[in-house]
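Me: I have a model open and want to learn how to read its features. Take me through them one at a time, please.

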Amino acid sequence: MVLPANAPAWATTGSKRTAFVRGLAVAASAPALVLFTTATGFGALARDLGFTLGHALFMSGVIYALPAQVMLIDQIARGAAFAAVAFAVTLTAVRLLPMSITLFALIRDGQRIRPIHILAAHLMAITVWLEGSRRLPLLPPHLRLPHFFGIGFGMYCATAAGSALGYLIAGALPPSVAAALLFMTPVYFLLSLLVGAAKRMDWLAIGAGLLLGPPLFLWLPGPDLMLTGLVGGTAAYLLAKRR
C-alpha cells in the first residue's frame, strides 16, 4: 500500500504495538487535556448534586459521554422519571452515530464486525473522532485499529482521572468555574472544525450549525443538537452540490 506523503515515519515499519503506543502519545497531548479539564467540571458537578465518587467514576467509565453524564445526573437530581431520563440520555448519544460510521469505515477495512470492533466503538468520543479522522487515513489498514485503541484508551483514562480530580476538589471550585470547564470540549470541537474546514461545504455546514443551534435549543431543548446537525448539514450539502 502506498501511504500519503504526510504519513508518519513509523507507519511504514511500525508494529501494532508501536501504533498503540503512538496513539497513547496522541492522547497525552492537547485533546486529552481538553477531556481532562471538561471531566473535572463534571466531577465537581456530580459532588454538588449529591452523588458519590463511585457514581461519578462509574458514569465516566460506562457512559463515557460527558453531555449524557451531565444530562443523567441533572435529571436524577430533579427527580425525573426513569423513562424520561433514559430517553433524554439516548438522544444525546445520537450525535455519535454518524461519527462512528465514518470512522469505522477506516478501522474495519472491509472486514466483518468482530467483538473487538464493538469494544472500540465504546471509546468513541468527539475528540477521539477528530484525532482519528486526521490520523487513521495516513496509516496502513492493519495499524489503524491499534492506533485508534491507543488514542481512545488514553482519552478514556483522562476522562476518569479528570472526574476523580473534579470530585475531590469540588469544594475549592466555584460553581461558575466548574460549569465553564464543561464547555472545553465543544469549544475544542468548534476550533478543530474551523481549522480543518477546506471546502465551501465545510464552511456552509459550520455556519448553518451556528445559526440553527441557539433557536433550536430554545424551541426543542431535547433533540436540538441532532436536528441542528441533520437540518444544517443537509442544507449545506445540497447548497454546495447545487453550486
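Me: How do helix α2 and helix α9 pack, and at what angle?

Reply: Start with the terms. Helices (H or I, at least four residues) and strands (E, at least two) are DSSP runs, numbered from the N terminus. Axes are lines fitted to C-alpha atoms, for helices over the stretch in contact, and angles run from 0 to 180 degrees between N-to-C directions. Here, α2 (residues 30-48) and α9 (residues 141-168) pack at about 35 degrees, and their axes are 6 Å apart. This is a predicted model: local features need pLDDT of at least 70, side-chain atom pairs count only at pLDDT 80 or more, and totals for chains, interfaces and linings use all residues. Residues are numbered from 1 along each chain as its sequence is written, and side-chain values use heavy atoms, with hydrogens and water left out.

Me: Is the crossing of α2 and α9 left-handed or right-handed?

Reply: A crossing is left-handed if the near helix is turned anticlockwise from the far one by less than a right angle, and right-handed if clockwise. α2 passes α9 in a right-handed crossing.

Me: Which residues of α2 and α9 meet?

Reply: Contact means heavy atoms within 4.5 Å. On the α2 side, the residues include Pro31, Leu35, Phe36, Ala39, Phe42, Gly43 and Arg47. On the α9 side, they include Met155, Ala158, Gly162, Ser163, Leu165 and Tyr167. By class, this contact has 14 nonpolar, six polar and one charged residues. For the classes, Ala, Val, Leu, Ile, Met, Phe, Trp, Tyr, Cys and Pro count as nonpolar, Asp, Glu, Lys and Arg as charged, and the others, Gly among them, as polar.

Me: What does the charged end of Arg47 sit over?

Reply: A charge sits over a ring if NZ of Lys or CZ of Arg is within 6 Å of the ring centre and within 35 degrees of the ring normal. Arg47 has its charged end over the ring of Tyr167, 5.5 Å from the centre.

Me: Is Ser163 buried or exposed?

Reply: Buried means under 20% relative accessible area, exposed over 50%, partly exposed in between (1.4 Å probe, protein chains only). Ser163 is at 0%, so it counts as buried. Leaving out residues up to four places away in sequence, Ser163 touches Ala39, Thr40, Phe42, Gly43 and Ser60.

Me: How many aromatic pairs does the structure hold?

Reply: Rings of Phe, Tyr and Trp (its six-membered ring) pair if their centres lie within 6.5 Å; planes under 30 degrees apart count as stacked, over 60 as edge-to-face and the rest as tilted. The structure holds two such pairs. Tyr64 and Tyr156 have ring centres 5.0 Å apart and planes at 55 degrees, so this pair is tilted. It links distant parts of the chain, 92 residues apart: Tyr64 is in the loop between α3 (53-62) and α4 (66-77), and Tyr156 is in α9. Tyr64 is buried at 5%, while Tyr156 is partly exposed at 23%. The other pair, Phe104 with Phe148, is edge-to-face, at 5.8 Å centre to centre and 70 degrees between the planes. Phe104 lies in α6 (residues 96-108) and Phe148 in α9, 44 residues apart. Both Phe104 and Phe148 are buried.

Me: What is the phi of Tyr64?

Reply: Most residues other than glycine have a negative phi. Tyr64 has a positive phi, near 50 degrees.
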